[in-house]
Amino acid sequence: MTKETSKQGVSRISVSLPESLLIELDQMVGERGFESRSHAISSMIHHQLMDHRHEHGNDIMAGTINLVYKHRTPGLQKQLSELQHVYIDEVISSLHINLMDAQTLEVILVQGPAQRLKEITHKLESCRGVISGKLQMSTALLPPVHPLPVAESA
C-alpha cells in the first residue's frame with residue numbers, strides 16, 4: 001500500500017484487491033449510490049473505526065437503542081420505563097410504535113459514554129418479553145437540550 005498526501009488534507013492510498021472482490025465492490029458502489037470507490041471505501045473504514053472505538057474506548061457517543069418487545073408481557077413496559085429513569089442522564093427521548101402481533105418497537109435516543117450505553121442496552125434487552133435489542137452509535141454528539149443550573153455555594 002502506498003500513500004500520497006494532497007494539499008486539501010486528503011491522502012491517497014493504493015490498495016490491491018482480488019478481481020472478484022473488486023467486482024463486488026463496484027456492484028455495491030452502484031447499488032448503494034456511492035460517488036466513487038473511494039467514497040465507498042472511506043465509508044466502510046469509518047464504520048470499522050467507529051466499531052473499534054465502541055469496543056475499545058469510552059468516548060461520548062450519541063445513538064439509538066432499538067427494542068422490539070411483546071407489549072402484553074406483564075410488567076414489561078413499567079420495567080423498561082424504570083430502567084430509562086435509572087439512566088436519565090443518558091436517555092434523551094423514546095418513541096413507541098405499535099406493531100402487528102402484539103409487539104411494540106421502541107426507539108430510545110441516548111447519549112453518553114459508549115460503555116454506559118452498552119450497559120443500558122444489555123439491561124433493556126435482557127428484560128423478559130424483549131424479543132430483540134440493538135444499539136446503534138455515532139460519534140456525532142447532540143447539542144445540550146438545556147444546561148443545568150450551576151449549584152451556588154452557601
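**Close-up 1. Arg-116 and Glu-119 sit about one helical turn from each other, three residues apart in helix 4.** In this predicted model, local features need pLDDT of at least 70 and side-chain atom pairs count only at pLDDT 80 or more, while totals for chains, interfaces and linings use all residues. Residues are numbered from 1 along each chain as its sequence is written, and side-chain values use heavy atoms, with hydrogens and water left out. Helices (H or I, at least four residues) and strands (E, at least two) are DSSP runs, numbered from the N terminus. Arg-116 and Glu-119 form a salt bridge, their closest N and O atoms being 3.8 Å apart; the term means a side-chain nitrogen of Lys or Arg within 4 Å of a carboxyl oxygen of Asp or Glu. Glu-119 is partly exposed at 31% relative accessibility (buried is under 20% relative accessible area, exposed over 50%, partly exposed in between; 1.4 Å probe, protein chains only).

**Close-up 2. Arg-116 also meets Glu-90 in a salt bridge, at 3.3 Å from N to O.** This pair links distant parts of the chain, 26 residues apart: Arg-116 belongs to helix 4 (residues 114-125), and Glu-90 to the loop between helix 3 and strand 4 (91-98). Arg-116 is partly exposed at 31%, whereas Glu-90 is buried at 9%.

Close-up 3. Lys-78 is exposed at 57% relative accessibility; Glu-82 is partly exposed at 42%. The model's salt bridges come to four.
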